[in-house]
Amino acid sequence: LKRLVRVSERLPHPQIVQVGQIVNDSIHLLALELHYYQIELVTQIDPSVQWVGLPSELGRAVLYLLHNAIESVTYRPRIYVEFTNDEEAEPVDVKQPDVREPVIKVTVELDESQINIDVMDNGPNVLAENLETIFDPHFTTKGPPHTGAGLHLARSIARAGGGELVVFSPNNEKLNQFTLALPLFDPDMYEIEVEEDAEEVELIGKKAAARWI
């Protein structure tokens, strides 16, 4: 219950957040799904990393990324049309991931310029033409009932906190890494208007690629 409160309680003002605690809370809330799908979870979390912001917003963003990773490595049932005049209509086939040993890796680390929260999975890679489109609202490759809103909301939360969310997915390989980059300890960051900077996004992506193991 304490974990649920930390990621759901909306506080009026930013506060000092233990990033590792929020990430661990989010992981524990999804522990049943991870166990059900027999997903191996690997964590490398620096407990000393602090950030100033809204813990519930950060928790939501991490939950969105974890849900996305779980869906990337697990089987999804075929979608049946809700209404058809054809009694012999076949269900709609949805592309299924071929992941025999699903793994999700979560890291939290501090470098010289930012805080990095990485959520990695060994599901089918995001196609090169979708690397930016996947953050658009309502874009999804998974079919109903998925709405595609999760990654869009996660990026919006990151940017509202002065950070960014980028994806690294080498083509033709089963690797996906989403990096939620946050500014270093800055009590005034919510007073700063964040503008999208293409060069900064590219730099974050290169750092993510360099850290992939």
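**Note on a helix pair and the sheet beside it**

1. In this predicted model, helix 2 and helix 4 lie oblique to each other. The angle between them is about 50 degrees, and their axes are 9 Å apart. Angles of 65 to 115 degrees would count as roughly perpendicular and those under 35 as roughly parallel, so the pair falls into the oblique class. The crossing of helix 2 and helix 4 is right-handed.

2. Which residues make this contact? From helix 2 come Val19, Ile22, Val23, Ser26 and Ile27; from helix 4 (residues 55–73) come Pro55, Leu58, Gly59, Val62, Leu63 and Leu66. Sorted by class, nine residues in the contact of helix 2 with helix 4 are nonpolar, two are polar and none is charged.

3. The sheet is open and has five strands, ordered 2-4-5-7-6, with mixed pairing. Strand 2 (40–45) and strand 6 (164–168) each have a single partner strand, so they form the edges and one side of each lacks a neighbour in the sheet. From one strand to the next, the twist averages 15 degrees.

4. Within the sheet, strand 4 (residues 103–110) and strand 5 (residues 114–121) run antiparallel and are joined by seven bridges. Threonine 107 has aspartate 118 of strand 5 opposite.

5. Helix 2 (residues 19–29) also packs on the sheet, where strand 2, strand 4 and strand 5 are touched. The direction of helix 2 makes about 170 degrees with that of strand 2.

Note on methods
Residues numbered from 1 in each chain as written. Predicted model: local features only at pLDDT ≥ 70, side-chain atom pairs only at ≥ 80, totals over all residues. Heavy atoms only, no water. Pairing = 2+ DSSP bridges. Helix = DSSP H or I, 4+ residues; strand = E, 2+ residues; numbered from the N terminus. Axes fitted to C-alpha atoms, helices over the stretch in contact; angles between N-to-C directions. Contact = heavy atoms within 4.5 Å. Parallel < 35°, antiparallel > 145°, perpendicular 65-115°, else oblique. Left-handed = near helix turned anticlockwise from the far one by under 90°. Nonpolar A, V, L, I, M, F, W, Y, C, P; charged D, E, K, R; others polar.
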